[in-house]
Amino acid sequence: MADITFNRFDLGIDLRKGASVSDANRLLEMKNAYVTTGLATEKRPGLTLVATLEPGTKGLFAAFGKLHTFYGQGTVTHANALFQANRVPYSSGSYPVEDVSFADVFNGFIYAAIRYQGGFQEHHYLDGSASTHIADLACPDTAGVVKLASKVFAVNGDTVRYCKTGNPRDWSASNDAGFLPTGLNSRGDRGANALGVYQNNLIVLSKDGAQVWKVDPDPAAMALQDIVENVGTSYPRTVANVSGDLYFLSDYGFRSITTLQLTNNLADVDVGSPIDSLVRARVKAGGFTPKAFYFYGTGQYVCAMGNELFVYSISRTAKIAAWSHYFLPATADAFAELGQTLYIRCGDAVYKLDPDVHADQGQPFEVVIQLPYMDLKKPGRNKRIYGADLVMEGRCEFSVGFDVRDPTAFTDPVRVKGNTRGGGLIPVECCGTEFSLKFRNLDSKPFRLDAVTLYFDDLGPT
């Protein structure tokens, strides 16, 4: 008779190794759950409906104590005072807004990149002028935009253009507005796709490379600092600052650019390698525009692909860097964080991620946690599991996989409630050389898994 306890699940989903050779604290699946700073695995917060917005608007941007939306035709006024609708009509016709590629506050007013139905895109500055449209023909009107050094920068093919210092309506001012010759310095693809900020430097990302530019209100002080090869992105909406690093979705998975501590050189880091296979399959399926953001309230990088969210939980103090996989009831179109609350727009419905609820607008969602196949520190030997103890909050169905060659070979699920230690063993019985543990929660109540103990007999060599 022997027993073994697993009480750390802090590495999240990791599919880099085979199912039978992964570490116990790396998971095969973590659906609708995340790793807490206490190194437990907990059910994600549920969604609570905040408002169903009047039709005609798109986007969601938090500024000046409100959640802002944007529309291009007619007049829209939101009944809910938390929301403010902003009219940004297309300059050469009447088209509805399709998406908001970028929004930020510049000199106390909103600057936004708007995409309209038909594929048209324009930049707008909501400073109270008669027209919000940036009329300067030098403005690129592209989706890759960032604010830095009192200027707005935007990708423009094989260059990056910038506006006059302090004046985002002027992109032509002599000796103040201008462009960076990023294509001239590219060693691969010349086109700039996305922009980011890292350590107060401008990061220009092409499909297969990144350039680091020192930028300044004085164009004469701007200069190319460094080049990082063989890493880039085709998805400008996925670039986000995360705990001092810059994260984005590349063609191969999630990556980051960071400084190597010993050499002070920049390099790419494959932070997304544990879930590359999942991400590549989802990107290949298509049908969505990947959109990412950093949720300061929980310290998570979140990238939405349709109704799926890939979530990277990061805590340097707790030494957590774990991927999980959320599924929402509808496609996530836009996000905004206001007052430490995350708001998610799905169509005209706006929800908040609510830590006090454990269902999506009253509908339970499935939580699945599956550990890799483990030999219980006795490789190549037959074992007979006859019981288990769970330390957890809430309810779940517990089952054990006993044949890594057959993903359907699991014991019948046993319903478990709360901490079972001291209350008798959970009756589960199977034989094999390696075992995978699966936990499934499907109710509207909290659920957290802290530890599991397996009790087994060693039956000897196979």
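The dialogue below treats the pockets and then one serine.

Modeller: This is a predicted model, in which local features need pLDDT of at least 70 and side-chain atom pairs count only at pLDDT 80 or more, while totals for chains, interfaces and linings use all residues. Residues are numbered from 1 along each chain as its sequence is written, and side-chain values use heavy atoms, without hydrogens and water.

Colleague: What volume does the largest pocket have?

Modeller: Rolling a probe the size of a water molecule over the atoms shows where empty space is left. A pocket is an open set of points on a 1 Å grid over the protein atoms alone, where a 1.4 Å probe fits, with protein on both sides within 12 Å along at least five of seven lines; lining residues have an atom within 4 Å of a point. Here the largest pocket has a volume of about 1,200 Å³, the space filled by probe spheres set on points joined across faces, edges and corners. Of its 36 lining residues, F102, A103, V239, A292 and F293 are the closest to the centre.

Colleague: Which strand gives the largest share of that lining?

Modeller: Strands are DSSP runs of E, at least two residues, numbered from the N terminus. The largest share, seven residues, comes from β9.

Colleague: Is S324 buried or exposed?

Modeller: Buried means under 20% relative accessible area, with a 1.4 Å probe and protein chains only. S324 counts as buried because its relative accessibility is 2%. S324 is in strand β27, and a polar atom of its side chain lies 3.1 Å from the backbone oxygen of A33.

Notes:
Helix = DSSP H or I, 4+ residues; strand = E, 2+ residues; numbered from the N terminus. Buried < 20%, exposed > 50% of the residue type's maximum accessible area, 1.4 Å probe, protein only. Polar contact = N/O pair within 3.5 Å; in protein donor to acceptor, adjacent residues only side chain to side chain.
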